[in-house]
Amino acid sequence: MMTRRAVTVAGRWLNEAVSFLVFCLLDIVDSLLCLVYKVADYVFEAEWKPCYCLSAKEPITETRGKILLSHNNGVSKILTLSPLQELSGRRSKIELEDISETLYTRPSLLSDLSVTELNKRFVKVSPSDSECSHHHYEKTLTKNKRRKTITKSSLTVNFTVVEMLREKIRPQNLSHDVTRWSDCDCGFCTSWASTSDKDHSLFVKTQIPKGIPAKEDVLFIHGFISSSAFWTETVFPSLSATSSAYRLFAVDLLGFGKSPKPADSLYTLREHVEMIEKSVLHKHNVKSFHIVAHSLGCILALDLAARHGDLIKSLTLLAPPYYPVPVGEKKPRQYVMKKVAPRKVWPPIALGASMAAWYEHISRTICLLICKHHRLWQFLAKLLTRNNRTVNFLIEGFMCHTHNAAWHTLHNIICGTGSKLDTYLDVVRDKLKCNVTIFHGEKDELIPIECSYNVKQRIPRARVKVIEKKDHITMVVGRQDEFARELQEIWKTSSF
């Protein structure tokens, strides 16, 4: 027992040491790639493209008809971003609160550690401090209180952020459908831009029972870097085989699969949810419905549940990424990002998540190598797996998106919700009467099982079912027939 414990501790320390070295190196690499992409964007697109990794400068104080700023005791802040035209029928205002600061505030590992260490050493004041030190502490505390009073309602804005937002809300860009040079421009990825649908609705796969009138509607929402095929290639055939009397809707989220991938979108929670409402609920006249959501889709499902209240018949969440933010945490979004992407090299899935969340240009390079050339990787996968259908749809969902869509969705949805999920969960607990069922794979390394139990702690009536020997994907893929039966049982007991 002692030997095993010693090996575990040694392995943990080794992981920490290697992770520190690797991510310090990645900090440097990402900075160099920033310069590379600046030049490449200028060469291929004849203009400089702003990014979120530039150092902070003074906030811009001129509105120029695009960005409205106000002054509160000398401190500038953005009130609203109001373009003159609407984008794809969505609201013409982009709320600043929808934009996660993790997009533009991601400290390097060295600076993060140094700040933490300084806080530990210099912020705390022990009872044994001298009278002089105590006087200095009180003076500092009074000054901080005064400063907090002055800037309590203010919001500091990074110059780079303003530039990024200005770039994305230019009126001439609102209907600009051309992909960037580093994005794939194949027929599949750009099919949304060539359709006659000027409103650019989401791609929705619908399954209607044959010969039987549909009694109820069900909305399926996929997870991060996935697509509607996660449901249509698994659960849909199983439900069809059982002569289901349900009308099923599976969407490709904004920026993924066959859905629109606008280069000027910020992919906020508001945009994602409103596009689902527009493309499914309004377009198909859905009055009441069940929701089945996986991973990131659980966040959108909870938002929809909070919005539509009594229209929700049941809520089925698969591996919900819910990380409760401690009371008093000043940076809830940063806290969630460190939980989702802990900057560790082991397990490998943590390394992948960390590279995707912390490094804008490294993640863009990964998309350039994988997503832009997804047809090559899909061809090789078909050869190696003898055209395995399951592998093919998983690879297609994983690769068919843009870096802009993935980067903003990850930060504005997964990290950006922060403590906002508490509000949604409280609404479901206090104002909704629908059944809440949670599934989680026992071997899920991406999202720990604790996340599901955290949801249950917030919603006591929720039922958690752990799927033995299954992970983040195989909790559905490979056991779709059993999962389809479980869903039908949930829907039967939840009908009203």
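# Figure legends: close-up views of a predicted model

Of the contacts in the protein with a separation of 6 or more, 78% join residues 24 or more positions apart; contact means heavy atoms within 4.5 Å. The model is predicted: local features need pLDDT of at least 70, side-chain atom pairs count only at pLDDT 80 or more, and totals for chains, interfaces and linings use all residues. Residues are numbered from 1 along each chain as its sequence is written, and side-chain values use heavy atoms, with hydrogens and water left out.

**View 1. The protein as a whole.** The secondary structure comes to 17 helices and 9 strands, taken as DSSP runs numbered from the N terminus (helices, H or I, at least four residues; strands, E, at least two). Of the 496 residues, 50% count as buried, meaning under 20% relative accessible area with a 1.4 Å probe, protein chains only (exposed is over 50%, partly exposed in between). The accessible surface is about 25300 Å², and carbon and sulfur atoms hold 57% of that surface; the areas come from the Shrake-Rupley method with a 1.4 Å probe.

**View 2. Serine 295 between strand E6 and helix H8.** Serine 295 lies in the loop that runs between strand E6 (289-294) and helix H8 (296-308). With a relative accessible area of 7%, serine 295 is buried. Its C-alpha atom is 5.0 Å from that of proline 320, which is 25 residues away along the chain. Apart from neighbours within four places in sequence, serine 295 is in contact with Gly223, Leu318, Ala319, Pro321, Ile447 and His472.

**View 3. Helix H9 against helix H14.** The axes of H9 (residues 332-340) and H14 (residues 403-415) come within 9 Å and cross at roughly 110 degrees. Axes are lines fitted to C-alpha atoms, for helices over the stretch in contact, and angles run from 0 to 180 degrees between N-to-C directions. H9 and H14 are therefore roughly perpendicular to each other (65 to 115 degrees; under 35 is roughly parallel, over 145 roughly antiparallel, the rest oblique). Arg333, Val336, Met337 and Val340 of H9 meet His411, Ile414 and Cys415 of H14. By class, this contact has 5 nonpolar, 1 polar and 1 charged residues; Ala, Val, Leu, Ile, Met, Phe, Trp, Tyr, Cys and Pro count as nonpolar, Asp, Glu, Lys and Arg as charged, and the others, Gly among them, as polar.

**View 4. Helix H10 against helix H11.** H10 (residues 348-358) and H11 (residues 360-370) pack at an angle of about 115 degrees, their axes 6 Å apart. That makes H10 roughly perpendicular to H11. Met355, Ala356 and Trp358 of H10 make the contact with Glu360, Ile362, Ser363 and Ile366 of H11.
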